[in-house]
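Here's a quick briefing to read alongside the model. Have the structure open and follow along.

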Amino acid sequence: MSESKLLRGTFILTLGTYISRILGMIYLIPFNALVGAIGGALYSYGYGQYTIFLFISTAGFPLAVSKFVSKYNSLGDYHTGRRILKSGLLIMSVMGVLGCLVLYSLAPFFAEIVLGGSETGNKLEDVILVMRMVSFALIIVPIMSLLRGFFQGYQSMGPTAVSQVVEQVIRIIFLLSAAYIVIKVMEGDIATAVAFATFAAFIGSIGGLAVLVWYWFKRKPYLDKLLLDSKPAGEITIKTMYKELLSYAGPFVFVGLAIPLYQYVDQFTFNRAMVKLGQAEITQELFGILTLYVPKLVMIPVSLATAFSLTLVPTITSSFTSGDYQLLRRQIDKTFQICVLLVLPAVVGLSVLAYPAYASFYNISEAQVGGLLLRWYAPIALLFSFFTIIAAILQGINKQKLAVLSLVFGIVIKMIFNVPFILWFGEIGSILATGFGYTVSITYGFFMIKKHAHYKFNILVRRSVLMAIFAGAMLGSILIINYLFSFAFTYEDGKLYSVIILLVSVGVGAAVYLYLAYRSHLLERLMGSRLNAILNKFNRKKVREH
């Protein structure tokens with residue numbers, strides 16, 4: 001396959017993923033207006049269980065199948081890839097149905113645990129209903145995910161990208177329509193609206209699967225021709241195939257579980273700890289804000305920065321394989337520095353603008369508590385970005401087991417300290433325990449990269465201090481803007497005022513940060529040819545205008 005085709009495919013897949021993520025954030029604005037924080041908590045109860053069961057049901061197979069099919073296709077053996085597809089679809093179908101039945105059956109058990117003795121706002125039967133409604137999606141999603149992996153194994157990213165967007169669009173349309181009809185038209189309760197909102201995962205997955213089936217029939221003549229021209233099928237047995245497949249799947253499933261596992265710990269401990277603290281009346285409202293609405297805002301800078309940084313990971317793998325450790329260390333350095341360059345100002349901006357940011361996106365009546373939680377949660381963006389990149393680098397240098405160990409250490413810390421921290425610090429304790437867990441994972445990961453890639457942190461530390469100084473200047477400019485606005489209005493005066501404060505502050509802060517980074521030549525050193533190409537294009541346009 002040509003390099004241009006590979007880059008085009010990667011771009012298509014990345015674009016599809018980000019369109020899907022942006023849609024997944026935007027819909028929460030009207031959804032929050034309809035169901036509020038209590039409804040958000042109920043939605044999180046259902047989706048938290050569903051996410052874990054989905055990972056268990058798929059067991060990392062879709063990405064592993066992608067790698068497996070790609071390997072054997074490159075050897076000219078298309079028969080083996082087709083065999084793994086047929087047997088994989090059967091296994092995913094069985095696993096999906098089993099996952100659905102188990103979650104549906106155990107919903108009362110899980111519901112009682114997650115409520116932790118608090119039924120203010122959401123009742124036990126409400127949580128059971130939501131968990132059971134979302135469980136049906138487990139029947140379809142594993143099959144859909146496997147088909148995506150198969151197409152990706154052929155370096156065909158279009159089917160995955162299109163199906164992701166179609167799935168998300170259908171899910172959101174059904175989710176918002178159902179919630180609106182139940183609450184505004186039928187004057188029903190929030191529990192029924194949220195139940196239909198979670199059932200939207202099943203409806204959306206049918207749409208996504210339909211797209212993949214269409215692609216299959218469209219491309220089947222081409223795939224069948226490759227099969228005819230294939231080398232003779234190897235003597236590889238089903239047992240050997242799945243042994244190899246599982247060796248690929250392990251790291252994918254564990255590292256991908258990072259955020260769901262951290263939230264899963266909160267699902268089983270947060271309400272119980274808050275009830276012990278005497279906060280039973282507000283615990284479910286806080287849980288909804290903490291696990292659904294706040295993380296969506298925080299993941300915006302994380303998604304952009306990690307995507308930019310992880311584009312360098314394939315080259316890291318190549319350098320490690322060829323034994324060029326000097327180049328490898330430079331690439332690791334650059335990856336980490338780009339992460340800090342993009343995420344640090346976002347973290348600072350989100351922290352200082354937490355209250356108007358929350359008020360701009362969600363109910364302004366919840367902005368006091370939502371802003372407080374967002375202010376504390378924002379730094380997690382930097383920690384999670386580092387964790388994601390460290391895990392990718394460890395996999396790139398063939399140390400997948402260390403990436404899994406890194407995650408395990410962090411989750412154990414979260415489990416040990418979550419309840420004590422909540423009892424000591426209230427709802428903020430959950431965020432502190434998450435930060436502690438990620439810090440342990442990152443520290444371990446850094447040491448492993450230092451050991452196995454002979455990496456030194458000197459340049460990263462110096463550049464990070466410089467970026468922190470720039471972020472401090474940005475913080476000062478934002479505080480000045482907010483102070484000037486306070487003479488006219490504050491975010492509490494209405495959503496429009498919150499949006500104005502947010503947009504002006506972000507614009508001024510970003511301009512200050514980028515100017516300092518540019519004048520110090522930091523942008524040029526890290527972005528290199530990309531930045532020069534943009535500047536040259538801008539200068540040429542400016543010359544033409546004059």
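L98 is partly exposed, at 47% relative accessible area; here buried means under 20%, exposed over 50% and partly exposed in between, using a 1.4 Å probe and protein chains only. L98 sits in helix α4 (residues 78-115), with helices taken as DSSP runs of H or I of at least four residues and strands as E runs of at least two, numbered from the N terminus. Keep in mind that this is a predicted model: local features need pLDDT of at least 70, side-chain atom pairs count only at pLDDT 80 or more, and totals for chains, interfaces and linings use all residues. Residues are numbered from 1 along each chain as its sequence is written, and side-chain values use heavy atoms, with hydrogens and water left out.

**Surface patch**

**The overall picture**
- The protein has 22 helices and zero strands.
- Of its 546 residues, 53% count as buried.
- Its accessible surface is about 24600 Å², with 69% of that belonging to carbon and sulfur atoms; areas come from the Shrake-Rupley method with a 1.4 Å probe, and for residues only the protein chains shown count as cover.
- Among contacts (heavy atoms within 4.5 Å) with a separation of 6 or more, 83% are between residues 24 or more positions apart.

**Nonpolar core**
- The largest nonpolar core has 164 residues, and F31 and F336 have the most contacts inside it.
- Helix α8 (residues 190-228) gives the largest share of this core, 17 residues.
- A core is a set of buried Ala, Val, Leu, Ile, Met, Phe, Trp, Tyr and Cys residues joined through side-chain atoms within 4.5 Å.
- Beyond its neighbours within four places in sequence, F31 touches G36, Y43, L175, L176, V194, A197, L292 and Y293.

**Aromatic pairs**
- The whole structure holds 45 aromatic pairs; Phe, Tyr and Trp rings (the six-membered one for Trp) pair if their centres lie within 6.5 Å, with planes under 30 degrees apart stacked, over 60 edge-to-face and the rest tilted.
- Y27 and F31 make a tilted pair, because their ring centres are 6.2 Å apart and their planes are at 50 degrees.
- F31 is buried at 0% relative accessible area, and Y27 is buried at 4%.
- F336 and F446 pair edge-to-face, since their centres are 5.3 Å apart and their planes are at 70 degrees.
- F336 lies in helix α13 (residues 325-352) and F446 in helix α18 (residues 428-453), so this pair ties together parts 110 residues apart in sequence.
- Y27, F31, Y43, Y47 and Y50 form one aromatic cluster.

**Positive phi**
- Most residues other than glycine have a negative phi.
- E187 has a positive phi, near 55 degrees, and lies in the loop between α7 (158-185) and α8, where E187 counts as exposed at 68% relative accessibility.
- H521 also isn't a glycine, yet has a positive phi of about 70 degrees; look for H521 in the loop between α20 (495-519) and α21 (522-527), partly exposed at 43%.
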